[in-house]
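User: I would like to learn how to read a structure like this one, feature by feature. Could you walk me through it?

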Amino acid sequence: LLPLDETVTLTSSHPEPIALNENGARFTLSAAGPGEMQGYVYEVSTDREFPAEKTRVKWNRDGSLALRLAVPGTFYYRVRATNQKTELTAPSEPVE
């Protein structure tokens, strides 16, 4: 199964490194893809290669996902879009 020939971009509401306080840090990831997409698969990892054992996956119908980090570290994010046939695009460029 080949990925769809569409591109998806990912941006963060905190483009600078995020500082954690006693409540952690909250921010939003926003995906932008073709209008006919049915949802987005967000991946968050502590490793730029996104190995399964270090990656969390979240599904969302719209292009926005609110996150809260509770532990310090470096995190990477990427997103894929899906159409009605559940075909996925290639992953977006990772955001750190």
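User: Leaving aside its neighbours within four places in sequence, which residues is Asn60 in contact with?

Analyst: Happy to start there. This is a predicted model, in which local features need pLDDT of at least 70 and side-chain atom pairs count only at pLDDT 80 or more, while totals for chains, interfaces and linings use all residues. Residues are numbered from 1 along each chain as its sequence is written, and side-chain values use heavy atoms, with hydrogens and water left out. Contact means heavy atoms within 4.5 Å. With neighbours within four places set aside, Asn60 touches Gly39, Tyr40, Tyr42 and Leu65.

User: Is Asn60 buried or exposed?

Analyst: Buried means under 20% relative accessible area, exposed over 50%, and partly exposed in between (1.4 Å probe, protein chains only). Asn60 has 16% relative accessibility, so it counts as buried. Asn60 is part of strand S4; strands are DSSP runs of E with at least two residues, helices are runs of H or I with at least four, and both are numbered from the N terminus.

User: Which backbone atoms does the side chain of Asn60 reach?

Analyst: Look for polar contacts: pairs of N or O atoms within 3.5 Å, where, within protein, one must be able to donate a hydrogen and the other to accept it, and residues adjacent in sequence count only if both atoms are side-chain atoms. A polar atom of the Asn60 side chain lies 3.1 Å from the backbone nitrogen of Asp62. The Asn60 side chain also reaches the backbone oxygen of Ser64, at 2.6 Å.

User: Where does Pro51 lie?

Analyst: Pro51 sits in the loop between strand S3 (39–45) and strand S4 (55–60). With a relative accessible area of 18%, Pro51 is buried. Pro51 and Glu22 are 29 residues apart in sequence, and their C-alpha atoms are 29 Å apart in space.

User: How many helices and strands does the protein chain have?

Analyst: The protein chain has 0 helices and 6 strands, giving the pattern β-β-β-β-β-β along the sequence. Its radius of gyration, taken over C-alpha atoms, is 14 Å, close to the 12 Å from the globule rule (2.2 Å times the number of residues to the power 0.38) for 96 residues, so the chain is as compact as a globular protein of that length. Along its principal axes, the C-alpha trace spans about 45 × 25 × 20 Å.

User: What share of the residues of the protein chain count as buried?

Analyst: Of the 96 residues, 38% count as buried.
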